[in-house]
Amino acid sequence: MPLHSQVTDTTKRVVAQDRFAQNRHNKSGNAANLPVESPITLPQTLDTDLDRLIKVWHKGYTTKGKVRSHNRGLPCLDKHDEVPIADSVYIDRLSKLPTVIPITFNPIVKDCIELYVKRRRPLLRSMLTLGDLYYPSIDEEFIKNGLPNELKYLTIVESGLNPLAVSPAGAAGIWQFMPATGKIYGLTINSLVDDRLNPRKSTVAACKYLKDMFAVYKDWLLVIAAYNCGPGNVNRAIRRAGGEVDFWKIYPYLPSETRRYVPLFIGAYYAMHYHREHNICPREMGVPLATDTIVVNKAVELQRIADLSGVSESDLKLLNPQYKRGIVPGNINPYPVLVPMTAVASLEKQRDSLYSPSLDMKLTGPNVASSSTNGGGSKYYTVIKGDTPIKIARKNGITLRQLRRLNGKSLNKLRPGRKVRIR
């Protein structure tokens, strides 16, 4: 996870000029001087968590399909008859991975490969299934940013592709951003919204972070290390290694978590690419449902959208995990809500019914005032710069016709500070 030794524009310029930014790839991966590591493991609870996640996703966001192989459409055969693999086979396969990242083979990398393809086969099956859901949009973002596609497998090491994953340190989402780093890279994080939980928005932020780190190190393994422990720790390891800028040469000086993190990435990449060679197939094929977004510019509860659309609230929360309390604060900024395509037309027709003035007033307050001078408790809205009659109507959950009936021709002369009757 990116920690909070962030790189500001000024720092990036200074660091980029330092000697460790001018480096050469070294693929030797000589493990002779590497510290002896205990066997690398992953939490067993991941399997249970991901099993639950897959069931929920298939209920609310996908349709199931039969698992097919790449061999003329025949069913994929998943069997645990793994025979010992010679190191030469691993080396040959790693050399053929389609990558610009310097991939090394050594005992530590071998241990991480076998963690996925031998000891945690069910976990790899889950990753293959969830990858059907998340990787198409991640691929799209990586292509747009000119990033190596294989970096998407960092999400396996970071979060097990669980968008709701939160670490004990407070990192969250599939990319495990810390709050401070997330905000620096444009993610909204407050009491109502946490964009770290939004797979697409957090991927955009991850692309920016990875590009910033590559501008500094010019080496993808060092970038991956910096993603985990922050550039400060990588810089410190480089200094302690006498200015070396090869991951495996600074390896002994990195935090223990990062020493495991990069080999785990290589293991995950190998396993996702060569899973069929190990007779490992996805648990189920997931076909994402067609979705679209509606943009709201007033506070809306997901429960209200569910009531009007027929889509369950749990499914809406699944599609929009960033709205932590089930409230879309469109009164603060226009916010998108992802909904099944079949619900879009119906919601657009009922847009005025989506909004709850009481909820909007509860969240913002200062623009709306009440008055009892009219017996029935009239309410007024204070005009702000940029308001138009249609904007005021939408903000307050009424139609333009109702607004004109309450205010007459005076709506033609709107100016900031003026009060407009809305009830």
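Axes are lines fitted to C-alpha atoms, for helices over the stretch in contact, and angles run from 0 to 180 degrees between N-to-C directions. Helices are DSSP runs (H or I, at least four residues), numbered from the N terminus.

The model is predicted: local features need pLDDT of at least 70, side-chain atom pairs count only at pLDDT 80 or more, and totals for chains, interfaces and linings use all residues. Residues are numbered from 1 along each chain as its sequence is written, and side-chain values use heavy atoms, leaving out hydrogens and water.

Next I looked up H3 (residues 87–95) against helix H12 (residues 256–274), which pack at about 85 degrees with axes 11 Å apart. That makes H3 roughly perpendicular to H12. In H3, Tyr90, Arg93 and Leu94 meet Ile266, Tyr270 and Tyr274 of H12 (contact means heavy atoms within 4.5 Å).

Then I turned to Asp194, in the loop between helix H7 (179–184) and helix H8 (199–217). Is Asp194 buried or exposed? Asp194 counts as buried, at 5% relative accessibility (buried means under 20% relative accessible area, exposed over 50%, partly exposed in between, with a 1.4 Å probe and protein chains only). Not counting residues up to four places away in sequence, I noted that Asp194 touches Thr188, Ile189, Gln322 and Lys324.

Conventions. Helix = DSSP H or I, 4+ residues; strand = E, 2+ residues; numbered from the N terminus. Parallel < 35°, antiparallel > 145°, perpendicular 65-115°, else oblique.
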